[in-house]
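Visitor: Please take a close look at one single part of this model, and then set it in its surroundings. I would like the cut-offs spelled out as you go.

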Amino acid sequence: MNPLVMLISGPNLNLLGTREPEIYGSATLADHVAAARAAADAHRLTLTHVQSNAEHEVVAAIHQAAERNAGVIINPGAFTHYAWAIHDALAACSGPIIE
């Protein structure tokens, strides 16, 4: 079985492709996840994806990833600026973390 990597997308990323495309482009979140999944497949990794607009759900996903995943890739969106709960949850992960 391939190692698991969790991709976590934070708030408003579900609006990619429609929200201010002149700033964020026309690619949707599904497009970005597909590209990440293809890259993971090329490296014999299995990618899972979670998107949430709620901080507690992002924290829960990180806790789940820490228990069973080899690594975490996260775009916390607006939570980047002030979400200490997400910071603390990531600090508990033993595998690589990419933001």
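Guide: S52 lies in the loop between β2 and α3 (55-68), where helices (H or I, at least four residues) and strands (E, at least two) are DSSP runs, numbered from the N terminus. This is a predicted model, in which local features need pLDDT of at least 70 and side-chain atom pairs count only at pLDDT 80 or more, while totals for chains, interfaces and linings use all residues. Residues are numbered from 1 along each chain as its sequence is written, and side-chain values use heavy atoms, with hydrogens and water left out.

With a relative accessible area of 4%, S52 is buried; buried means under 20% relative accessible area, exposed over 50%, and partly exposed in between (1.4 Å probe, protein chains only). The side chain of S52 reaches the backbone nitrogen of A54 at 3.0 Å, and a polar contact of 2.5 Å links the side chain of S52 to that of E57. A polar contact is a pair of N or O atoms within 3.5 Å; within protein, one must be able to donate a hydrogen and the other to accept it, and residues adjacent in sequence count only if both atoms are side-chain atoms. Leaving aside residues up to four places away in sequence, S52 touches S9, G10, P11, E57 and V58, contact being heavy atoms within 4.5 Å.

S9 leads on to strand β1 (residues 4-9), which runs parallel to strand β3 (residues 71-75) and is joined to β3 by 5 bridges; two strands pair if DSSP finds at least two bridges between them. Within this pairing, M6 stands opposite V72 in β3. β3 also pairs in the parallel sense with strand β4 (residues 97-98), over 2 bridges, and there I73 has I98 in β4 as its bridge partner. From β3 the chain crosses through helix α4 (residues 84-91) to β4 in a right-handed β-α-β crossover, right-handed meaning that, with the strands pointing away from the viewer, the path from the first strand over the helix to the second runs clockwise.

Most residues other than glycine have a negative phi. E20, in the loop between β1 and α1 (21-24), has a positive phi near 45°, and E20 counts as partly exposed because its relative accessibility is 33%. R44, in the loop between α2 (29-42) and β2 (46-51), has a positive phi of about 60° although it is not a glycine, and R44 counts as exposed at 66% relative accessibility.
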